[in-house]
Amino acid sequence: MGFRLPSVIQHAKQVLKLQSKNQRDVPKGHIAVYVGEIEKTRFVVPISYLNHPCFLDLLDRAEEEFGFNHPMGGLTIPCDEDAFIHLTSRLHAC
């Protein structure tokens, strides 16, 4: 038996994926990140997220795993995609 993500999280996922698919360039005030443990998905998030303690924890994990050598050529975050979407939807609501 499966469960459905709340509509807020589904909306956040759709917006993040649309931003990353429709634009090759990252808009001003945003940063592209690659998320996933095996297959990486590109997301575009506001740079204001970088100041949030929860997001800083993800950045610390990225530093521990990759240092400054990110295999995707951009900031890679070793995090489950669903957990990242849940976090960014919470940050968006603030």
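**Helix α2.** I started with α2, which has 14 residues and reaches 20 Å from its first C-alpha to its last, close to the 20 Å expected at 1.5 Å a residue. I noted that the expected span is 1.5 Å times one less than the number of residues. Helices here are DSSP runs of H or I with at least four residues, strands are E runs of at least two, and both are numbered from the N terminus.

**What I'm looking at.** This is a predicted model, where local features need pLDDT of at least 70 and side-chain atom pairs count only at pLDDT 80 or more, while totals for chains, interfaces and linings use all residues. Residues are numbered from 1 along each chain as its sequence is written, and side-chain values use heavy atoms, with hydrogens and water left out.

Which residues of α2 are buried? I found Phe 55, Leu 58, Ala 62 and Phe 66 (buried is under 20% relative accessible area, exposed over 50%, partly exposed in between, with a 1.4 Å probe and protein chains only). Seen down the axis of α2, these buried residues fall within an arc of 55°, so they line one face of the helix; the arc is that of the directions from the helix axis to the C-beta atoms. An α-helix has 3.6 residues a turn, so residues three or four places apart point the same way. On the face turned away from the buried side I saw the exposed Pro 53 and Glu 64. The buried residues pack against β2, β3 and α3 (contact means heavy atoms within 4.5 Å). After α2 comes Gly 67, with a positive phi near 65°.

**The sheet.** Next I looked up the strands: an open sheet of three, in the order β2-β1-β3, with mixed pairing (two strands pair if DSSP finds at least two bridges between them). β2 (41-46) and β3 (75-77) are the edge strands, each pairing on one side only. I checked β1 (residues 30-35) as well: three bridges join β1 to β3, and the two run parallel. Val 33 stands opposite Leu 75 in β3.

**Helices on the sheet.** α2 (residues 53-66) lies across β2 and β3, at about 100° to β3. α3 (residues 81-93) lies across β1, β2 and β3, at about 15° to β2. Axes are lines fitted to C-alpha atoms, for helices over the stretch in contact, and angles run from 0 to 180 degrees between N-to-C directions.
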